[in-house]
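Okay, thanks for having me, everyone. Let me put the sequence and the structure up on the screen, and then we'll walk through them together.

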Amino acid sequence: MAKIVAIVTIKGDSVGGGAPIFVEPDKERRESTAFLLEKILDASAHDLKNGTFILVDRH
């Protein structure tokens, strides 16, 4: 079963839950943070197209 391991978003008050939330108001930094975490966590980054990336572990 897949598990959300991190969230990278433009607005921290728009998301919640048990995963770590990284707030990056700048688009380039948000993408950079999401892709760096993707490599570090060995997860998949998914752009929800609303200013939020979720990182999912499918192992």
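The accessible surface of this chain is about 4,000 Å², and carbon and sulfur atoms hold 55% of that. Those areas come from the Shrake-Rupley method with a 1.4 Å probe, and for residues only the protein chains shown count as cover. Quick caveat: this is a predicted model, where local features need pLDDT of at least 70, side-chain atom pairs count only at pLDDT 80 or more, and totals for chains, interfaces and linings use all residues. Numbering runs from 1 along each chain as its sequence is written, and side-chain values use heavy atoms, with hydrogens and water left out.

So how is the chain put together? In order, the pattern is β-β-α-β-β, with helices (H or I, at least four residues) and strands (E, at least two) taken as DSSP runs, numbered from the N terminus.

Now look inside. Of the 59 residues, 31% are buried, meaning under 20% relative accessible area, while exposed is over 50% and partly exposed is in between (1.4 Å probe, protein chains only). The largest nonpolar core has eight residues: Ala6, Val8, Ala34, Leu37, Ala43, Ala45, Phe53 and Leu55. Two or more of them come from each of β1 (3-9), α1 and β4 (52-57). A nonpolar core here is a set of buried Ala, Val, Leu, Ile, Met, Phe, Trp, Tyr and Cys residues joined through side-chain atoms within 4.5 Å.

And Ile40, buried or exposed? Ile40 sits in helix α1 (residues 27-41), and it's exposed, at 58% relative accessible area.
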